[in-house]
Number of protein chains: 2
Amino acid sequence: MPDHKHALDQALAGDTRALARMLSLVEDGSPRMREVIRELLPRTGQARIIGLTGAPGVGKSTMTGALVAAFRAAGRRVAVLAVDPTSPFTGGALLGDRIRMQEHATDEAVFIRSMASRGHLGGLAAATPQAIRVLDAAGFELIIIETVGVGQAEVAIASLADSVVVLLAPGMGDAVQAAKAGILEVADIFVVNKADKPDAQQVVRDLRNMLALGTFEQGWKPPIITATAAQGPKDEGIAELVTRLDAHWTWLTESGELERRRRARAREEITALAFAALRERVAKKVDELAAGVADGKLDPFQAADEILDPQDRQQDEQKDLRYTRG
Amino acid sequence: MPDHKHALDQALAGDTRALARMLSLVEDGSPRMREVIRELLPRTGQARIIGLTGAPGVGKSTMTGALVAAFRAAGRRVAVLAVDPTSPFTGGALLGDRIRMQEHATDEAVFIRSMASRGHLGGLAAATPQAIRVLDAAGFELIIIETVGVGQAEVAIASLADSVVVLLAPGMGDAVQAAKAGILEVADIFVVNKADKPDAQQVVRDLRNMLALGTFEQGWKPPIITATAAQGPKDEGIAELVTRLDAHWTWLTESGELERRRRARAREEITALAFAALRERVAKKVDELAAGVADGKLDPFQAADEILDPQDRQQDEQKDLRYTRG
């Protein structure tokens, strides 16, 4: 039995370290990853994927912690992927893991992992869907993807989720900023966090005015709720967020929107993988072919064909070989 | 003999209408285009390609006319491609052709053609290099590509030329605007046109100050010349522009920069064609494959492979067939 099959069985049996090794495999874009994903595939599709995003300082980590506690109290297995699309992988992210883990260190039904860009091909955008598949197959009912910041990359990561929660807070990352980043369009639920601060109601009003400008044709009008995540007895609004998330999930499954979203995601993933593979082929062959085209010895269409379908030539060579031998 | 081979021979023999038909073929992205380009290829690589760009109102058309007259006076065959990457093909463009043609209507050594986007795959960016090959093979020693406006598309078209002339004029499309569009970086020669206007020297100074901020590592410092193109006895500076263009051509050929530029262009052309072909395959197959990936029946890597290398499956089918028959 190959190593990773053993690791897969261990991970599915609840071995957190085996699971961490599998996630490293997909993060590294290891050649073995494809085989692992193929093995996992029949076990996927059950998890609910929740995206949580917002500007730095709005309290995403604390809110994630509060959500994890609420889901655990309801007996659900939860995984968290904290994704930073802009930073390289650092010890800091690992340290963050360890601090977050302490609370749930002995709880096998909670798994927390930080992912940051390692600069390999496709990067996090390619690795995150595979990490989600691993956690899904490992039996986590809820997977929370928490992103750092509110840039284009964060919007892309957030759109990997079934339900996207956008966090705002008084004085931090206001609605205008979120609108500029295009994050309002992907939100399914808005949470104005730090609701105990004086300006919280103003953030709610600003957000409501801004949303009034948009249209929601999908049959789901994103609610705006207020909360105070403190990860303890001072928590406010977490129960309502869980209720809203459950309502969104019900709507997703009953309206057919879940299937539509998952297909759209699959379309984007396949397209990105195909283009990434073509970019690799271009990088490998274009210089040599460009010389031929520039010198008028090769036409550009033929050159493009040789990049797109490199095996054409191999086929011809094999055919030639066959004829020679025959 | 296929139709287009006949047309090719006629075009090479100086038949303007046959040439126009061949250009329509490449503009339409006709399937026969590939064959035509392959036939032409050995005859290409001789023409000097001059790009002429600048904001609307700086006098590009008049300057093009003056350049054509100057080149004709020196006994050179000249073709003009007036490219509008932003507008669909309109009767206006055709009318423009007819008006411009009048002056040179009886001169077989001058050929003028307007090209505008027809909205097909790849559009003008794909068609223009092929149009250049046709004119090159037809024996035009100089091909002037004139673009309308100063957007990203114009910069892309201008970068198809061996020598890029950027036109400015007092009060129209100042240096700051050109800088914003990224057009200063691609310029080999600057012409401040309408030099008889009072502010012309101010445009020269502004431009000089702006260029002082950049660096020119390639060994060619783009000169700034002043001119007044009037297409007649009032012409000023056209002779100097021709001299500068000749000097640039000498530098291009002697420094090896011509070969470098043409290879870089071939690289971009091949890459664009390969990606355009992949986009077609994605559009054709991704919906069907996405359903399989979303349902966990197909892994995304396999799906990407099926788009990138559709013949893999055919090969397998043929192999199966062979074994069955054998």
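Predicted model: local features only at pLDDT ≥ 70, side-chain atom pairs only at ≥ 80, totals over all residues.
Q: Is A:Lys194 buried or exposed?
A: Count neighbours. A residue is buried if 20 or more other C-beta atoms lie within 10 Å of its own, exposed if 12 or fewer, and partly exposed in between, with C-beta atoms placed from the backbone. A:Lys194 has 23 other C-beta atoms within 10 Å, so A:Lys194 is buried.

Q: Where is A:Lys194 placed, and what is its phi?
A: Locate the helices and strands first. They are DSSP runs numbered from the N terminus: helices are H or I with at least four residues, strands are E with at least two. A:Lys194 is in the loop between β6 (189-192) and α9 (200-212) of chain A. Its phi is positive, about 60°, although A:Lys194 is not a glycine.

Q: What does B:Lys194 look like in chain B?
A: B:Lys194 has a positive phi of about 55° and is not a glycine either. B:Lys194 lies in the loop between β6 and α9 of chain B. It has 23 other C-beta atoms within 10 Å, so B:Lys194 is buried.

Q: Which place does B:Lys197 take?
A: B:Lys197 is in the loop between β6 (189-192) and α9 (200-212) of chain B. Its count is 16 other C-beta atoms within 10 Å, so B:Lys197 is partly exposed. The C-alpha atoms of B:Lys197 and B:Ala181 are separated by 24 Å, and these residues are 16 apart along the chain.

Q: How many helices and strands does chain A have?
A: Chain A has 13 helices and 7 strands. Of its 326 residues, 41% are buried. Now look at sequence separation. Two residues are in contact if their C-beta atoms, placed from the backbone, lie within 7 Å. Among contacts in chain A with a separation of 6 or more, 74% join residues 24 or more positions apart.

Q: How many residues does each chain give to the contact between A and B?
A: Chain B gives 38 residues and chain A gives 38 residues. On the chain B side, α3 (33-40), α11 (257-294) and α12 (300-308) each give two or more. The largest share, 21 residues, comes from α11(B). Sort the residues by class next. Ala, Val, Leu, Ile, Met, Phe, Trp, Tyr, Cys and Pro count as nonpolar, Asp, Glu, Lys and Arg as charged, and the others, Gly among them, as polar. The side of chain B that touches chain A has 23 nonpolar, 5 polar and 10 charged residues.

Q: At what angle do α12 of chain A and α11(B) cross?
A: Two packed helices are described by the angle between their axes and the distance between the axes. Axes are lines fitted to C-alpha atoms, for helices over the stretch in contact, and angles run from 0 to 180 degrees between N-to-C directions. The axes of α12 (residues 300-308) of chain A and α11(B) come within 8 Å and cross at roughly 60°. Therefore α12(A) and α11(B) are oblique to each other (under 35 degrees is roughly parallel, over 145 roughly antiparallel, 65 to 115 roughly perpendicular, the rest oblique).

Q: Which residues of α12(A) and α11(B) make the contact?
A: From α12(A) come A:Pro300, A:Phe301, A:Ala303, A:Ala304, A:Ile307 and A:Leu308. From α11(B) come B:Ala266, B:Glu269, B:Ile270, B:Leu273, B:Ala274, B:Ala277 and B:Leu278. By class, this contact has 12 nonpolar, no polar and 1 charged. In α12(A), 7 of the 9 residues are buried, so the helix is largely enclosed by the rest of the structure.

Q: How do α11 of chain A and α12(B) pack?
A: α11 (residues 257-294) of chain A and α12(B) pack at about 60°, with axes 8 Å apart. That makes α11(A) oblique to α12(B).

Q: What is the angle between α4 and α10 of chain A?
A: The axes of α4 (residues 60-73) and α10 (residues 238-255) of chain A come within 10 Å and cross at roughly 70°. That makes α4(A) roughly perpendicular to α10(A). A:Ala66, A:Leu67 and A:Ala70 of α4(A) contact A:Ile238, A:Ala239, A:Leu241 and A:Val242 of α10(A).

Definitions and conventions:
Residues numbered from 1 in each chain as written. Chains lettered and ligands numbered in written order.
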